[in-house]
Amino acid sequence: MRDYKAKTPAPAVSATRQAVQQATRGPVMPEMHRQAVKDAIEAGYKQPPSQAKPSTVNRVLDGALDRAKLNAELTLSNQQASNNLARRAVGLPEGAELSRQSLANLRQQAGQSYEALRNLGPITPDKAFRTELRDIGKQYANTKNSFPGLVPDNGVAKIVKGANVKTMDSSSAVDAIRTLRERAGDLFAAGNQTAGRAARKTATAIENQLERHLQGTGNEAAVQAFRDARQQIARVHELERVLTPSGNIDAKALGAALKRGKPLTGDMLSIAQAGRTFPTVMRTPEVVGSVPSLGFFDAVVPATLGATTGNVGAMGLILARPAMRGLLSSNRMQQSLLSPVTPVSPSIGFQPGLLSAPISAAGARR
């Protein structure tokens with residue numbers, strides 16, 4: 001007998017297969033995104049598959065393993081990565097406590113390099129210093145002059161005027177820097193952001209003047225020590241700002257500072273970039289809360305299935321989802337997120353993002 005079974009035309013099979021391939025592989029990710037994923041993973045962070053490669057299979061996989069719980073578990077793991085990077089950024093040993101006191105101790109140690117500047121004697125501020133001061137008060141002054149009724153006296157003009165001296169003693173300049181930074185903290189806490197920024201920038205202007213004067217002495221070792229101390233104090237100040245009460249670094253807050261133009265480098269930059277780019281898995285434990293080892297559906301669904309079908313083996317599924325979530329957070333699986341998508345060939349059906357399950361062309365026709 002002749003076979004009258006309808007056969008799908010080859011072009012239709014090919015078009016269908018291509019459509020399935022595109023859906024499972026997801027869109028081609030920009031190189032910038034792939035680089036961000038690579039940098040985050042190399043820094044010790046972990047990503048959910050659908051966030052690194054938003055293919056259909058990876059999105060389904062996230063959902064099947066309880067996306068909210070997966071994100072929460074990865075978030076807690078990423079918090080440890082942020083804390084470790086923060087310790088390394090300021091020179092704390094691995095596992096050391098992150099606290100207001102430990103950071104204050106680091107700031108005090110770095111401040112010893114400032115003490116060495118007390119003996120520089122009198123300093124005549126240069127043109128660069130006066131330009132910095134003028135720029136600090138310029139925006140406020142322009143608005144105040146044109147709209148005096150709209151802009152209250154928030155203290156900016158007084159700060160700039162107080163620093164605009166004809167000569168400064170180096171010892172007094174060191175004290176002025178400390179006073180201005182403390183005042184900036186008080187102003188920020190009081191909600192006066194404009195004056196707080198003015199005080200902080202004025203302290204920086206005095207530091208710049210001290211550094212230029214120190215350069216003129218030809219003591220390169222002292223210049224480098226002062227620069228290193230300035231950078232260390234800046235890093236510590238930034239970590240103090242994003243440190244939570246329980247001693248964790250808020251990567252998202254650091255990411256927001258990066259977006260505002262804060263100059264961050266090294267490990268601090270790694271934290272900020274991850275916090276800015278992958279916010280769903282960069283929350284703090286205070287926000288996430290405790291994560292039970294077994295979620296409601298992890299236990300209830302397999303138990304119900306076992307009770308209704310009488311299949312005792314179904315109870316083994318209780319541990320399946322937690323085990324899979326652990327597998328997805330392993331270093332090997334995270335590294336697989338960086339692998340490029342395999343090009344389509346005539347004999348390959350698809351490579352669905354994180355998991356590879358090729359389908360032959362012959363199999364697609366059956």
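1. Arg197, Arg200, Lys201 and Arg260 form a surface patch of positive charge; patch members have over 30% relative accessible area and no salt bridge, with like charges joined within 9 Å. Lys201 belongs to helix H11, residues 193-215.

2. The model is predicted: local features need pLDDT of at least 70, side-chain atom pairs count only at pLDDT 80 or more, and totals for chains, interfaces and linings use all residues. Residues are numbered from 1 along each chain as its sequence is written, and side-chain values use heavy atoms, leaving out hydrogens and water.

3. The whole structure contains 15 salt bridges (a side-chain nitrogen of Lys or Arg within 4 Å of a carboxyl oxygen of Asp or Glu). Glu132 pairs with Arg212, their closest N and O atoms being 3.8 Å apart. Glu132 lies in helix H8 (residues 127-146) and Arg212 in helix H11, so this pair ties together parts 80 residues apart in sequence.

4. A salt bridge also links Glu207 and Arg230, at 3.4 Å from N to O. Glu207 is in helix H11 and Arg230 in helix H12, so parts 23 residues apart in sequence are tied together. Both Glu207 and Arg230 are buried (under 20% relative accessible area; exposed is over 50%, partly exposed in between, with a 1.4 Å probe and protein chains only).

5. Within helix H12, Arg241 and Glu238 stand three residues apart, about one turn, and form a salt bridge with closest N and O atoms 2.6 Å apart. Arg241 is partly exposed at 42% relative accessible area, whereas Glu238 is buried at 6%.

Conventions. Patch = residues over 30% accessible without salt bridge, like charges linked within 9 Å, V, L, I, M, F, W, Y side chains within 5 Å. Areas by Shrake-Rupley, 256 points an atom, 1.4 Å probe, with all protein chains shown as cover. Lys, Arg positive; Asp, Glu negative; His and termini not counted. Charge placed at Lys NZ, Arg CZ, Asp CG, Glu CD. Helix = DSSP H or I, 4+ residues; strand = E, 2+ residues; numbered from the N terminus.
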